[in-house]
Amino acid sequence: MALPTAKQEYAPDMDKPVMRIGAVAELLGVCVRMVRIYEERGLVQPERKNNQRLYSFNDVCWLARVRELINEEGYDIQEIARLISLPACWQLRNCPEELRVDCPVAESPGKQCWDVAQRQGRFSDCQTCQIYRIATERDT
DNA sequence: CTTCTTACA
DNA sequence: TGTAAGCA
């Protein structure tokens, strides 16, 4: 199985919780323990079925990016955890109501901005947002 | 057999 | 982080 990469088009299947932790660890090339640590640190919140962690391909995409940030770009888990704990971009930037009307990020409260904006591609301002950038920079 | 939690070096 | 125990 190939490691999934960030996608331009929205693929519904990417959100389906289908992989158990063993498969995720194998795809990422890390030990199972490490995947659990990412969760403990708040980097990912896999769904659970009967107390079994089930990860979606989007989860794996994100975790793969997390490892890039850590191994190749000098980030540590704490920094990444802090970034994703920040409020939505439109809150940080105090976007006016008028501009939120057509903003896919503001339409999906509770979701990370890159998770929403990336797949819909209609929020061009994300290019200047550091949170969005580090979260989606891939395949360059 | 795989995963889960907790604990320990 | 890696490993182990004891359970499900």
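**View 1. The surface near DNA strand C has three nonpolar residues, no polar ones and one charged residue.** Here Ala, Val, Leu, Ile, Met, Phe, Trp, Tyr, Cys and Pro count as nonpolar, Asp, Glu, Lys and Arg as charged, and the others, Gly among them, as polar. This is a predicted model, in which local features need pLDDT of at least 70 and side-chain atom pairs count only at pLDDT 80 or more, while totals for chains, interfaces and linings use all residues. Residues are numbered from 1 along each chain as its sequence is written, chains are lettered from A and ligands numbered from 1 in the order in which they are written, and side-chain values use heavy atoms, with hydrogens and water left out. Around DNA strand C you will find C31, R33, M34 and I37; a residue is near a strand if one of its heavy atoms lies within 4 Å of it. Of the atoms of DNA strand C that come within 4 Å of the protein, 50% belong to sugar and phosphate. Look for R33, which has a polar side-chain atom 3.4 Å from a base oxygen of DNA strand C; a polar contact with DNA is a pair of N or O atoms within 3.5 Å.

**View 2. DNA strand B is surrounded by R20, I21, G22, R36, R48, N51, Q52 and R53.** By class, this surface has one nonpolar, three polar and four charged residues. Helix α1 (21-28) and strand β2 (52-54) each supply at least two of its residues; helices (H or I, at least four residues) and strands (E, at least two) are DSSP runs, numbered from the N terminus. Sugar or phosphate makes up 88% of the atoms of DNA strand B within 4 Å of the protein, and bases the rest.

**View 3. N50 and N51 sit in the loop between β1 (47-49) and β2.** Neither is a glycine, yet phi is positive, about 55 degrees in N50 and near 65 degrees in N51. N50 is exposed, with a relative accessible area of 76%, and N51 is exposed at 59%. Exposed means over 50% relative accessible area, buried under 20% (1.4 Å probe, protein chains only).

**View 4. L63 is buried in helix α3 (residues 57-72).** Its relative accessible area is 0%. Leaving aside neighbours within four places in sequence, L63 is in contact (heavy atoms within 4.5 Å) with V24, L28, V35, Y38 and V44.

Technical notes. Polar contact = N/O pair within 3.5 Å; in protein donor to acceptor, adjacent residues only side chain to side chain.
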